[in-house]
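Here are a few exercises to work through with the structure in view. Try each task yourself before reading its solution.

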Amino acid sequence: MTSLPAVVAGAAINRSMKGKQSSFWVAAAAVLPAAGLYYYVKYKYGTYIQASLFDDLSMIEQVYNGKSCFLVAVDTRPENGTSSIVGMVAGHARDDDGAIELRRMSVSNKRRGLGLGTRLVQRLEEECKGSKNIYLTCTSTQYAAHRLYGGAGFIRKIPATPSWWFRNSVE
């Protein structure tokens with residue numbers, strides 16, 4: 001898949017070959033920093049995601065104890081004769097007010113659209129009945145998550161972060 005900076009660079013180079021040679025350098029001076037910034041942000045975000053995935057998943061028993069819970073959906077009727085994990089959800093209890101943060105929600109690509117995500121959220125609510133409320137945050141680009149959480153009864157709030165990334169987030 002071609003990235004946006006590469007397409008822009010290709011268009012600028014193609015255009016520059018028809019005109020003066022100096023226009024190539026102007027295009028390169030504009031495109032190269034943009035491409036560098038794009039890949040830097042992509043790298044930093046990827047690093048952040050990897051770190052956040054493993055900070056609690058490497059210590060499930062220590063992190064999800066007490067009022068917290070970690071639930072896994074297992075398919076015991078797979079085609080190849082072995083059980084497989086098809087989804088998970090985790091709720092982490094805050095110490096200050098007893099609210100539960102929905103921190104992990106994942107459903108296998110093959111099982112999406114079948115209601116498994118909704119059933120996992122409902123099961124989390126059942127396991128965390130002593131809690132006042134459950135909250136979560138997801139970015140504005142997670143469209144499927146917005147549909148899932150909206151259907152499960154979560155209410156959209158205006159985020160405290162005035163960033164475009166969280167502009168249409170669910171909290």
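**Exercise 1.** Decide whether glutamate 127 is buried, partly exposed or exposed, and find its salt-bridge partner.

*Solution.* Step 1: glutamate 127 has 40% relative accessibility, so it counts as partly exposed. The scale used here calls a residue buried under 20% relative accessible area, exposed over 50%, and partly exposed in between (1.4 Å probe, protein chains only). Before going on, please note that this is a predicted model, in which local features need pLDDT of at least 70 and side-chain atom pairs count only at pLDDT 80 or more, while totals for chains, interfaces and linings use all residues. Residues are numbered from 1 along each chain as its sequence is written, and side-chain values use heavy atoms, with hydrogens and water left out.

Step 1: the partner is arginine 123, with 2.8 Å from N to O. A salt bridge here is a side-chain nitrogen of Lys or Arg within 4 Å of a carboxyl oxygen of Asp or Glu.

Step 2: Helices (H or I, at least four residues) and strands (E, at least two) are DSSP runs, numbered from the N terminus. An α-helix has 3.6 residues a turn, so residues three or four places apart point the same way.

Step 3: arginine 123 also forms a salt bridge with glutamate 126, where the closest N and O atoms are 3.5 Å apart.

**Exercise 2.** How many salt bridges does the structure hold, and which parts does the one between aspartate 75 and arginine 111 tie together?

*Solution.* Step 1: there are three salt bridges. In the one joining aspartate 75 and arginine 111, the closest N and O atoms are 2.5 Å apart.

Step 1: aspartate 75 belongs to strand S1 and arginine 111 to the loop between S3 and H4, so the pair ties together parts 36 residues apart in sequence.

Step 2: aspartate 75 is buried, at 7% relative accessibility, whereas arginine 111 is partly exposed, at 25%.

**Exercise 3.** Which residues of helix H5 (residues 143-151) are buried, and which are exposed on the other side?

*Solution.* Step 1: Ala145, His146, Leu148 and Tyr149 are buried. Viewed down the axis of H5, these buried residues fall within an arc of 165 degrees (taken from the directions from the helix axis to the C-beta atoms), so they line one face of the helix.

Step 1: the other side of H5 has Tyr143, Arg147 and Gly151 exposed.

Step 2: strand S3 (100-107) and helix H4 (116-127) are among what covers the buried residues of H5.

**Exercise 4.** Which members of the largest nonpolar core touch the most other members?

*Solution.* Step 1: a nonpolar core is a set of buried Ala, Val, Leu, Ile, Met, Phe, Trp, Tyr and Cys residues joined through side-chain atoms within 4.5 Å.

Step 1: the largest core has 20 residues, and Leu102, Leu124 and Tyr149 touch the most other members. Strand S1 (69-75), strand S2 (84-93), S3, H4 and H5 each give two or more residues to this core, and the largest share, four residues, comes from H4.

Step 2: beyond its neighbours within four places in sequence, leucine 102 is in contact (heavy atoms within 4.5 Å) with residues including Val89, Val121, Leu124, Tyr149 and Phe154.
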